[in-house]
Amino acid sequence: MERRVLLAIFLSFLVLYIYQALVVKPVPKPAITPAPQTAAGTATTPAAADSATSPAPSVPPPAAPAIPAAQPLVADAEERDIRVETRDVIADFTNRGARLKSWRLKRYFDQDGKPQEIVENKLSSQPLPFTLRTTDEATTTALNGGLYTVSGAPTATPTTSSVDLRFEYRDASGLQAIKQFHVEPASYVLTFKATVTQANRPVTPTIVWGPAVGDVGKVSQYTQKAEALFFQDGKVQRLAPKDLAKQSVFEGDFKFAGVDDNYFMTAALFTGPAKVSFQPVSIPPPADTKETPRELVSFSIDPQQVDAPHQFFAGPKDFTVLASIDRDLTRAINFGMFAVIVVPLLNSLKWVNGFVGNYGWSIVILTIMINAIMFPLRHKSAVSMRKMQEIQPQVKAIQDRYAKLKATDPAKQKMNQELMALYKERGVNPASGCVPMLLTFPVLFAMWAMLQTSIELRGAPWFGWIHDLTQHDPWYVLPIVMGATQVWQQRITPATGADPAQQKMMMFMPVIFTVMFLWLRAGAAIYYGVTNLWIVGQQYLTNYLIGPPNVRAVRPPAERRVKRVGGGKTDAAARESE
C-alpha cells in the first residue's frame with residue numbers, strides 16, 4: 001500500500017480520535033447530588049441517601065450550625081473570623097468549629113480580577129475544610145458548632161513570619177478539642193493537628209475538607225474539570241465524579257490524595273497509611289442562567305495515627321512549586337504519556353520568557369526553535385516524497401498491469417516484486433517519507449500537553465485582543481489563520497499519488513481541523529499557526545534546493561519494442577523503455 005494511503009488512514013483516525021476526545025461532549029447524565037449532611041458533615045440516614053439521586057434544588061436549604069447541648073466551659077463569647085495573610089495566600093478562619101472559611105491565592109486571579117478562591121464556601125449545606133466527624137452525632141455537632149477560643153493570631157498583615165493558630169473548646173460533657181494550624185510565610189502548605197478527647201479518652205476523628213477547587217472561570221472542552229486523584233504505588237489515579245459511583249473509598253499508603261482541576265489542587269500530603277473518601281457534589285447554576293451544573297468532588301481522610309499533624313496543599317499546579325515540596329507531587333500535573341518531553345519544553349518556555357517577558361511571543365520563539373531542530377527530519381521527508389513523485393507514473397503503470405487480478409491471486413505478488421525492484425533501482429524508500437514525519441509527533445503532542453496544563457499561561461496576554469492565552473481567540477483569527485496555512489501547506493506538498501479522491505480528502509482535512517479548533521486555546525493556536533508557516537517556508541526552500549521534479553514518462557504498450565534473440569526467435573515479454 002502506498003505511502004499516501006497509509007498517511008491518509010493515519011490522519012483520518014487521528015482526526016476522529018481528537019474530535020471524539022476533545023470536541024464531542026458526552027451525553028449529560030442526571031446530576032448526582034450527595035447525601036445531605038448536617039453542618040458538621042455527618043451522613044444522613046439510608047432513606048435520605050436514597051433520595052440523594054434526585055435533582056439538586058436550585059437553592060440549597062440553609063443549615064445553621066447546631067449549638068452544643070452541653071454547657072461550654074472553654075469557649076469564645078461570639079463568632080468571629082481570624083485573617084492570616086502571607087506573601088502567597090489570604091486565609092480566613094472562623095472560630096465556629098475552628099475551620100477554614102477562605103483560602104485565596106494572591107498571585108492568581110478569578111474572572112473578576114480578585115484573588116482565586118480555593119475553598120467552596122457559598123454552600124451552607126456542605127462542610128467547610130477541617131470539619132471533624134466522629135461516630136457520635138452529638139460529639140460531631142459540638143466539635144463543629146462550638147465557638148473556640150483563639151490564640152496566636154497575627155497582629156499585622158501580611159505577615160513575614162510563620163503563624164501558629166490554636167483553637168480550643170471544652171464543655172461539661174467531658175469533650176475537649178484543640179485544633180492547631182501552622183501557616184508558613186511563603187508556602188501553599190497548611191499544617192493541621194487535631195487533639196480530641198471525650199472523658200479523657202482519645203478520639204480520632206475524620207478530617208473533612210468538603211468540596212474542593214473547581215475553577216469557576218471560563219471553561220471549554222479542553223479544560224479539565226474537578227477530579228479525584230491520589231498517588232499510590234508509584235502512579236497517579238484520577239477519577240471523574242461519575243466514576244466515584246463504582247468506588248469512592250480507598251485505603252493504603254498514599255503520597256498525596258485530594259482533588260484537582262486544570263490549574264489548582266487541594267490535597268492531603270501523607271506520611272503514613274490512611275483511608276480517603278471521595279464524594280461527588282453537584283452545584284446547580286443560578287436560576288436565571290442556562291449554565292450547566294458545576295460538578296465538584298468532596299474528600300475526607302481518616303488518618304491512622306492519633307494526635308499527629310497533617311499537611312494539606314491548596315494552591316496552583318505550578319511545576320516549580322510542586323517540585324519544591326516533593327518531586328512526586330509534580331505527577332499531579334496531567335502531562336500525559338510524553339511527560340519526559342513536556343518538562344524540558346516547559347522549562348525552555350520559562351527560560352525564553354525570562355528574556356522576552358511575554359508568554360505569547362515566548363511561544364512563537366520556542367516554536368521556531370523546535371522547528372529549526374526538526375528541519376533535517378522534514379527535509380528528508382520532503383526529498384523522499386519528491387523521489388516518489390518522480391517515479392509515480394512508473395508505479396502506476398505497474399499497478400495498472402495487475403489491476404484486473406484479485407488480491408488473492410498468486411500472480412499479484414509479482415506486482416509487489418516489480419515495485420520493490422523499481423524502488424531499489426531508483427534508490428527510493430517508501431517509508432522514508434513517512435517515518436521522519438512520525439518522529440515529530442511526540443513533540444507535537446508534548447507541546448499540546450504543555451500548552452493545555454501550564455498555569456503560567458493562565459491570564460497571560462499576548463497582544464491586541466488576546467488577553468488570556470488559555471482562552472480561545474474571541475475573534476477566531478488564529479484558528480482561521482491556522483486553517484489557511486494548512487491549506488497552503490497541502491497545495492505545495494509534493495503529491496505522490498494520482499488518486500483524486502485521496503487528494504480531495506487531504507485538502508478537506510484542514511477544514512475539519514479549523515472547525516475543531518475554533519475554540520482552541522490561543523496559546524496552542526499560536527503554536528500550530530507558527531508551525532504551519534514554518535513548514536510552508538521550509539517546503540519552498542526544499543523545492544528550491546532540489547529543483548523541479550524529473551518525472552519519467554512511460555511509453556504506451558503500442559510502442560514497446562520486440563527484441564530479437566538467437567535463432568531469429570522473438571521475446572514475447574514486452575519491456576518498458578526508459
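At 43% relative accessibility, Ala-199 counts as partly exposed, and this residue is a friendly place to start looking around. The structure is a predicted model. Its protein chain has 578 residues, of which 47% count as buried. The secondary structure comes to 14 helices and 22 strands. Among contacts between residues at least 6 apart in sequence, 66% join residues at least 24 apart.

**Two loop residues with positive phi**

- Let us stay with Ala-199 for a moment: you will find it in the loop between strand S10 (189–198) and strand S11 (201–203).
- The phi of Ala-199 is near 55°, a positive value in a residue other than glycine.
- As background, most residues other than glycine have a negative phi.
- Asp-233 also has a positive phi, of about 55°, although it is not a glycine.
- Look for Asp-233 in the loop between strand S13 (227–232) and strand S14 (235–239).
- Is Asp-233 buried or exposed? Asp-233 is exposed, because its relative accessible area of 72% is over the 50% cut-off.

- Met-415 is found in helix H9, which covers residues 412–426.
- With a relative accessible area of 12%, Met-415 is buried, since buried means under 20%.
- Which residues does Met-415 contact, leaving aside its neighbours within four places in sequence? They are Ile-398, Gln-399 and Tyr-402.
- Ala-403 is 12 residues from Met-415 in sequence, and their C-alpha atoms are 9.5 Å apart in space.

**Helices H5 and H11**

- Helix H5 (residues 339–356) and helix H11 (residues 441–453) have axes that come within 9 Å and cross at roughly 60°.
- The two helices are therefore oblique to each other.
- H5 passes H11 in a right-handed crossing.
- On the H5 side, the contact is made by Ile-341, Val-342, Leu-345, Leu-346 and Leu-349.
- On the H11 side, the residues are Pro-442, Val-443, Ala-446, Met-447, Ala-449 and Met-450.
- Sorted by class, this contact has 11 nonpolar residues, with no polar and no charged ones.

**Helix H12 on its own**

- Helix H12 has 16 residues (477–492), so at 1.5 Å a residue it should span 22 Å.
- The C-alpha atoms at the ends of H12 are 23 Å apart, which agrees with that expectation.
- Which residues of H12 are buried? They are Leu-478, Pro-479, Met-482, Gly-483, Thr-485, Gln-486, Gln-489 and Ile-492.
- A handy rule when you look at such a list is that an α-helix has 3.6 residues a turn, so residues three or four places apart point the same way.

**Helix H12 with its partner H14**

- The axes of H12 and helix H14 (residues 522–546) come within 9 Å and cross at roughly 20°.
- That crossing angle makes H12 roughly parallel to H14, because angles under 35 degrees count as roughly parallel.
- H12 passes H14 in a left-handed crossing.
- From H12, the residues that meet H14 are Leu-478, Met-482, Thr-485, Gln-486, Trp-488, Gln-489 and Ile-492.
- Among the residues they meet in H14 are Ala-522, Ala-525, Ile-526, Tyr-528, Gly-529 and Asn-532.
- The H14 side also includes Leu-533, Ile-535, Val-536, Gln-539, Tyr-540 and Asn-543.
- By class, the contact of H12 with H14 has 12 nonpolar, seven polar and no charged residues.

Notes:
Residues are numbered from 1 along each chain as its sequence is written. This is a predicted model: local features need pLDDT of at least 70, side-chain atom pairs count only at pLDDT 80 or more; totals for chains, interfaces and linings use all residues. Side-chain values use heavy atoms; hydrogens and water are left out. Helices (H or I, at least four residues) and strands (E, at least two) are DSSP runs, numbered from the N terminus. The expected span of a helix is 1.5 Å times one less than its number of residues. Buried means under 20% relative accessible area, exposed over 50%, partly exposed in between (1.4 Å probe, protein chains only). Axes are lines fitted to C-alpha atoms, for helices over the stretch in contact, and angles run from 0 to 180 degrees between N-to-C directions. Angles under 35 degrees count as roughly parallel, over 145 as roughly antiparallel, 65 to 115 as roughly perpendicular and the rest as oblique. A crossing is left-handed if the near helix is turned anticlockwise from the far one by less than a right angle, and right-handed if clockwise. Contact means heavy atoms within 4.5 Å. Ala, Val, Leu, Ile, Met, Phe, Trp, Tyr, Cys and Pro count as nonpolar, Asp, Glu, Lys and Arg as charged, and the others, Gly among them, as polar.
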